[in-house]
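Welcome! Open your viewer, keep the selection tool at hand, and let's walk through this structure one stop at a time.

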Amino acid sequence: MSPLLFGAGLVVLNLVTSARSQKTEPLSGSGDQPLFRGADRHDFAIMIPPGGTECFWQFAHQTGYFYFSYEVQRTVGMSHDRHVAATAHNPRGFLIDTSKDVRGQINFSTQETGFYQLCLNNQHNHFGSVQVYLNFGVFYEGPETDHKQKERKQLNDTLDAIEDSTQKVQNNIFHMWRYYNFARMRKMADFFLTHSNYNYVNWWSTAQSLVIILSGILQLYFLKRLFNVPTTTDTKKPRC
């Protein structure tokens, strides 16, 4: 009996493991509520170690528009190469687009529902870390609808016009927010560049000032030795 019990236990364990590893789409609580998909917009900065890779996953529906922008703000370490490699993959793992630059964008329409993968690779810096500012998410044009066709209630022309105007205002505000994030990325990159140049100029100015002072002291010391006449006595006289 023990081999049979052991085999049954392995089968149950495999079923539990496979059930946990499956990635399913979240379901809505009722038919009237839209499908839950979490946050649609993200903007933050991360540090990528030398030669390291950082990946993120964003859920999106099939009828959405995915945007992803990044900019390297500063480098830390011996290497000062600010180029990084950014990639985007669809839920099935296929590559959508690649960007290899100091700053870049990857925009595409979502063709299927699922989790899209975004990765940043610091492959050009093996001796220095980079700080990268990220801004990615997904937005949807027009009101959200389920896959099942629903009978929409008859509304008067005034409510329809208000709904259309509100939707246009929301889309314009969203695009203004994206442009604002672009300005933030450039501002922080310029700030770190200015701060780095400021420290560079200060350190080199201090080092050159110390070299000038040290060279002046050495010159005075050797000139003084040239005119240093030793004292002569009856027992100590200079030789011819």
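Before moving on, a word on what you are looking at. This is a predicted model, in which local features need pLDDT of at least 70 and side-chain atom pairs count only at pLDDT 80 or more, while totals for chains, interfaces and linings use all residues. Residues are numbered from 1 along each chain as its sequence is written, and side-chain values use heavy atoms, leaving out hydrogens and water.

**Zoom out: the whole chain**

Colour the chain by secondary structure and you will find 2 helices and 8 strands. From the N terminus on, the order is α-β-β-β-β-β-β-β-β-α. These elements are DSSP runs numbered from the N terminus: helices are H or I with at least four residues, strands are E with at least two. Of the 240 residues in the protein chain, 26% are buried. Look too at contacts (heavy atoms within 4.5 Å): among those between residues at least 6 apart in sequence, 77% join residues at least 24 apart.

**Next: the sheet**

Select β1, β8, β3 and β6. In that order they make an open sheet of 4 strands, with antiparallel pairing; two strands pair if DSSP finds at least two bridges between them. At the edges are β1 and β6, each pairing on one side only. Find Ser69, and opposite it you will see Gln105 in β6.

**Into the core**

Show side chains for the largest nonpolar core, which has 23 residues; Phe66, Phe68, Tyr70, Leu120, Val132 and Leu134 touch the most other members. Such a core is a set of buried Ala, Val, Leu, Ile, Met, Phe, Trp, Tyr and Cys residues joined through side-chain atoms within 4.5 Å. Among the elements giving two or more residues to this core are β3 (65-77), β7 (114-121) and β8 (128-139). The largest share, 5 residues, comes from β8.

Go back to Phe68 and show its neighbours. Not counting residues up to four places away in sequence, Phe68 touches several residues, including Ala86, Ile106, Leu118, Leu134 and Phe136.

**Aromatic pairs**

Which residues form one aromatic cluster with Phe68? Select Phe44, Phe56, Tyr70 and Phe136 along with Phe68 to see this cluster. Rings of Phe, Tyr and Trp (its six-membered ring) pair if their centres lie within 6.5 Å; planes under 30 degrees apart count as stacked, over 60 as edge-to-face and the rest as tilted. The whole structure holds 13 aromatic pairs. One of them is Phe68 with Phe136, edge-to-face at 6.3 Å centre to centre and 75° between the planes. Phe68 lies in strand β3 and Phe136 in strand β8, so this pair ties together parts that are 68 residues apart in sequence. Phe136, at 4% relative accessibility, is buried.

**Last stop: helix α2**

Jump to Tyr200 and Trp204. Their ring centres are 6.3 Å apart and their planes at 65°, so this pair is edge-to-face. Tyr200 and Trp204 are 4 residues apart in helix α2 (residues 157-226), so about one helical turn separates them. Tyr200 is exposed at 53% relative accessibility, and Trp204 is partly exposed, with a relative accessible area of 47%.

Definitions and conventions:
Buried < 20%, exposed > 50% of the residue type's maximum accessible area, 1.4 Å probe, protein only.
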